[in-house]
Amino acid sequence: MSVDAVTHLNFRGDAREALAFYQSVFGGDVVAVTYQDAGNVQDPAEAGQVMWGQVSAPNGFRVMAYDVPSGQPWDQGQNAFFLSLRGQDADEVTAYWEKLAVGASVLRPFGPAEWAALYGMLKDRFGVTWVVDVVSPYVA
């Protein structure tokens with residue numbers, strides 16, 4: 001038996017667009033269930049918003065997202081979480097960085113760091129902060 005921990009991102013009306021963007025970066029499949037699909041419409045204007053969504057790719061990438069209904073509080077916050085993307089292959093990780101960086105604010109340029117072969121940090125166009133690195137062996 002095993003379990004997975006999957007990052008679940010909360011949006012206010014942008015979940016479908018964010019899921020499509022992450023699929024364009026990592027590949028895989030998008031599943032999105034709307035409030036209407038689930039028979040859980042509280043506000044007719046939000047019927048088409050995502051109640052549950054996920055991108056799942058063969059490379060192991062998976063992220064979930066939904067649109068917080070307007071009747072519930074939501075504050076994206078400043079540093080509530082980072083999404084960490086780590087990989088072994090520099091070319092693969094660099095390609096993901098380049099796609100994520102489109103329309104993003106780069107907080108630390110992607111390049112060599114004392115603790116990683118390659119490391120960078122950015123806030124994507126949806127306000128999600130990504131920490132991206134190529135895994136290096138830890139030496140105590």
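**View 1. Antiparallel pairing of β3 with β4 in the predicted model.** In this predicted model, strands β3 and β4 pair in the antiparallel sense, joined over 4 bridges. Within this pairing, Q54 stands opposite M64 in β4. The hairpin formed by β3 and β4 has 5 residues between the strands, and G60 there takes a positive phi near 100°. G60, which is found in the loop between β3 and β4, has a relative accessible area of 61% and is therefore exposed, the cut-off for that class being over 50%. Although G60 and F26 are 34 residues apart in sequence, their C-alpha atoms are 9.4 Å apart in space.

View 2. Strand β1 runs parallel to β4 (residues 62–67), to which it is joined by 5 bridges, and T7 stands opposite V63 in β4.

**View 3. The largest nonpolar core and the surroundings of W130.** In soluble globular proteins, nonpolar side chains tend to be buried together. The largest nonpolar core of this model has 29 residues, of which F11, Y22, F26, F61, L100, W130 and V132 touch the most other members. Two or more residues of this core come from each of β1, α1, β3, β4, β5 (83–87), α2 (90–100), β7 (116–123) and β8 (129–134), and α1 gives the most, with 7 residues. When residues up to four places away in sequence are not counted, W130 touches Y22, F26, F61, L83, L85, L100, G120, M121, L122 and D124.

View 4. The structure holds 11 aromatic pairs. In one of them, the rings of F11 and F126 have centres 6.2 Å apart and planes at 80°, so this pair is edge-to-face. The pair links distant parts of the chain, since F11 is in strand β1 whereas F126 is in the loop between β7 and β8, 115 residues apart; F11 and F126 are both buried. The rings of F26 and F61, by contrast, have centres 3.8 Å apart and planes at 10°, so they form a stacked pair. Because F26 lies in helix α1 and F61 in the loop between β3 and β4, this pair ties together parts that are 35 residues apart in sequence. F26 counts as buried at 7% relative accessibility, and F61 likewise counts as buried, at 11%. Ring pairs also link F11, F21, Y22, F26, F61, Y96, F126 and W130 into a cluster.

How values were computed:
Residues are numbered from 1 along each chain as its sequence is written. This is a predicted model: local features need pLDDT of at least 70, side-chain atom pairs count only at pLDDT 80 or more; totals for chains, interfaces and linings use all residues. Side-chain values use heavy atoms; hydrogens and water are left out. Two strands pair if DSSP finds at least two bridges between them. A nonpolar core is a set of buried Ala, Val, Leu, Ile, Met, Phe, Trp, Tyr and Cys residues joined through side-chain atoms within 4.5 Å. Buried means under 20% relative accessible area, exposed over 50%, partly exposed in between (1.4 Å probe, protein chains only). Contact means heavy atoms within 4.5 Å. Rings of Phe, Tyr and Trp (its six-membered ring) pair if their centres lie within 6.5 Å; planes under 30 degrees apart count as stacked, over 60 as edge-to-face and the rest as tilted.
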